[in-house]
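Subject: The structure I promised you

Hello,

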Amino acid sequence: MSDSLPPCPQCQSVYTYDDGHQFICPECAHEWPMTATASTEDVRVWRDANGVELQDGDTVTVIKDLKIKGSSDVVKVGTKVKNIRLVDGDHDIDCKIPGIGAMGLKTEFVKKVSS
């Protein structure tokens, strides 16, 4: 439609239109205020203990022995955790640890394994 209107932040459609005080996407029906644009939205960035940016699917190693609440098990230093999933919440990483199972980790206790 118009080159000055921003694309939809959800589906990236270029067919957005304004409706007085908001933008509307006709393809996915997403509505957002005119004051918000994709460039000003807060994008969460997860970083490991060394400040390296983490992505979904990365492999990390544990840098400190971690006691597991309610169990006598311990996640040992150097444990490699593959295919992590980054989430919002009290723990930043959902993962499956070999020999232990599914659990949540904090990014401050892991470092990214270089590919």
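A strand, labelled E, is a DSSP run of at least two residues, and strands are numbered from the N terminus. Strand E9, for example, covers residues 93–97 and includes lysine 96. Please keep in mind that this is a predicted model.

Let me stay with lysine 96 for a moment. Is lysine 96 buried or exposed? Its relative accessibility is 66%, so lysine 96 counts as exposed, the cut-off being over 50%. Leaving aside residues up to four places away in sequence, lysine 96 touches Val81, Gly101 and Ala102. Arginine 85 is eleven residues from lysine 96 in sequence, and the two C-alpha atoms are 9.7 Å apart.

Next, the cysteines. Cysteine 95 is buried, because its relative accessibility of 6% is under 20%. Cysteine 25 is buried as well, with a relative accessible area of 1%. A search of the whole structure turned up zero disulfides. For cysteine 25, the nearest cysteine sulfur belongs to cysteine 11 and is 3.5 Å away, and cysteine 25 is in no disulfide.

Finally, the largest pocket, which holds about 340 Å³ of space. Among the residues lining it are Lys64, Ile68, His91 and Phe109. Strands E5 (66–67) and E10 (101–105) each give at least two residues to that lining, and E10 provides the largest share, with three. By class, the lining has five nonpolar, four charged and two polar residues.

Enjoy exploring!

Best wishes

How values were computed. Residues are numbered from 1 along each chain as its sequence is written. This is a predicted model: local features need pLDDT of at least 70, side-chain atom pairs count only at pLDDT 80 or more; totals for chains, interfaces and linings use all residues. Side-chain values use heavy atoms; hydrogens and water are left out. A disulfide is a pair of cysteine sulfur atoms within 2.5 Å. Buried means under 20% relative accessible area, exposed over 50%, partly exposed in between (1.4 Å probe, protein chains only). Helices (H or I, at least four residues) and strands (E, at least two) are DSSP runs, numbered from the N terminus. Contact means heavy atoms within 4.5 Å. On a 1 Å grid over the protein atoms alone, a cavity is a set of points where a 1.4 Å probe fits but cannot get out, and a pocket is an open set with protein on both sides within 12 Å along at least five of seven lines; lining residues have an atom within 4 Å of a point. Grid points are joined across faces, edges and corners, and a volume is the space filled by probe spheres set on the points. Ala, Val, Leu, Ile, Met, Phe, Trp, Tyr, Cys and Pro count as nonpolar, Asp, Glu, Lys and Arg as charged, and the others, Gly among them, as polar.
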